[in-house]
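Thanks for coming, everyone. Let me put the structure up, and then we'll talk about rings.

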Amino acid sequence: MGKKGKKEKKGRGAEKTAAKMEKKASKRSRKEEEDLEALIAHFQTLDAKKTQVTETPCPPPSPRLNASLSVHPEKDELILFGGEYFNGQKTFVYNDLYVYNTRKNTWTSVDIPGPPPRRCAHQAVVVPQGGGQLWVFGGEFASPDGEQFYHYRDLWVLHLATRTWEQVRSTGGPSGRSGHRMVAWKRQLVLFGGFHESTRDYIYYNDVYTFSLDSFTWSKLSPSGPGPTPRSGCLMTVTPQGSIAVYGGYSKQRVKKDVDRGTQHSDMFLLKSEGGEGKWVWTRINPSGVKPTPRSGFSVAVAPNQQTLLFGGVCDEEEEESLDGMFFNDLYFFDATRNRWFAGQLKGPKAEKKKRRRGKAEECGAGSEQEPGPAGAPEPVEVVKEVVAEDGTVVTIKQVLVSPGLGGRPPPEAEGEAEDGASEPGCSSVEPCPRSSAMLAVRHGLLYVYGGMFEAGDRQVTLSDLHCLDLHKMDAWKTLVDMDPEAQEWLEESDSEEDSSSSEGAAAGDEDSGEGEAENPGRGWDQSGAHRAALGAS
């Protein structure tokens, strides 16, 4: 009895200790959230100093990922909003607005009073009403110490005709989240999935909401049938038949204490409105054809023939202490009418798909010391990798590794072969390097790919290049804006606590820069840091 009594007392003591720790963690989490809210409010105060709309011709935007790139419904313009950039020590979060003229190949910076707070991994949808409207929901802002993320649940509309921002306040909407997906369906916005992460926990969603563009009200749907499991960063598109297709995405689960396991989903579903108001049904589908290999961080756009286009991404293999992955620059098309996937094949000489294996740190260093030219190039090595898809299918990926430099470009001989006289003045025919979280848009049958990121060893390279592909001809990529990844600033992580000034340091930044600063979130591309894989691409 004595031993049993001691064990019970010890057990109650452990429970009390756990309860105290939980209370402290909850209090600390709330304090961090309050700090973030104060920092966001500070940046909004700076934005409030803007009193008039200014449009300034400018160079191409700075490197970024997880921004939104939208097509103007009436003009030959692409609209870039928000995003983030990591330089090795700090993450910069943006709420700047740029307009790209596709006819003139020019950029314009547009400052509008009262914009949404700085954010990335939001969703933006354009509708034609009132001369064009850009609707923005959710997204996230990173804390100065990089350990906390503020997830927005606000809804904004940019009136394109008058160049004015408006926050639309309506109750009953989705909770704060990032990595969700949103599409325009008839006179509604339909939102699915996403995730929310704090220092203590994370949650992935598979809920569905609609927002009426007539009554400005939210409704939560309760579709019948087997639907997708909770996820973020998926493909979501409206089919020619009026259904909504959802493919892939990313989620993670806790497998044991302090160990998470990520899943790159490869299943596909249709969401249909049936009969009465508010009646929706999920149906799982299994398209035929050449399906994309498992990946996260891919980008999506709608092609001229109402097919849905998927570009790039990264396939990660997680271990408890390491992360190995491969970045892509390939194209896939989903034809909902035929319920079939197709691999996008270029008709020109550079039709070979390329991949980039996430490099080792020593490889990156070795690559920078090699002499240029064939004599200094290492011998190609073929790597065969097997990936198990969510449904148990084993997919074999073959890759030929060449020089591990950061540029992602073919050797000089291959570049010469690719040019073949197809270049236009001011353009080259170099294809975009493998990447994830790029921004995509299609205008007049031309696919535009801007920015994104890839990793080489411990270095994250954030891109600011712009490429174009004629989807009717499918002949060759054209580079409209080039960049040299090797020239990008990269600051090694410091062991000091020089940035421990928390929100004061971030708030003291350049008031005119339009940038919110935060310490390195340490978010690798699949969320061992699983955070970035959960964000996906717009």
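So, aromatic pairs: there are 25 of them in here. By that I mean rings of Phe, Tyr and Trp (its six-membered ring) with centres within 6.5 Å; planes under 30 degrees apart are stacked, over 60 edge-to-face, and the rest tilted. Keep in mind that this is a predicted model, where local features need pLDDT of at least 70, side-chain atom pairs count only at pLDDT 80 or more, and totals for chains, interfaces and linings use all residues. Residues are numbered from 1 along each chain as its sequence is written, and side-chain values use heavy atoms, with hydrogens and water left out.

Take Tyr-85 and Phe-92, a stacked pair at 6.0 Å centre to centre with 25° between the planes. Tyr-85 is buried at 11% relative accessible area, and Phe-92 counts as buried at 11% as well. Buried here is under 20% relative accessible area, exposed is over 50%, and partly exposed is in between, using a 1.4 Å probe and protein chains only.

Then there's Phe-211 with Phe-216, which is tilted: 5.7 Å between centres and 40° between planes. Phe-211 is buried at 0%, while Phe-216 is partly exposed at 33%. Both belong to a cluster linked by ring pairs, together with Trp-135, Phe-137, Tyr-209 and Trp-218.

And which residue lies over the face of Tyr-94? That's Arg-64, at 4.2 Å from the ring centre. Arg-119 lies over the face of Tyr-152, at 4.0 Å. The cut-off for a charge over a ring is NZ of Lys or CZ of Arg within 6 Å of the ring centre and within 35 degrees of the ring normal.
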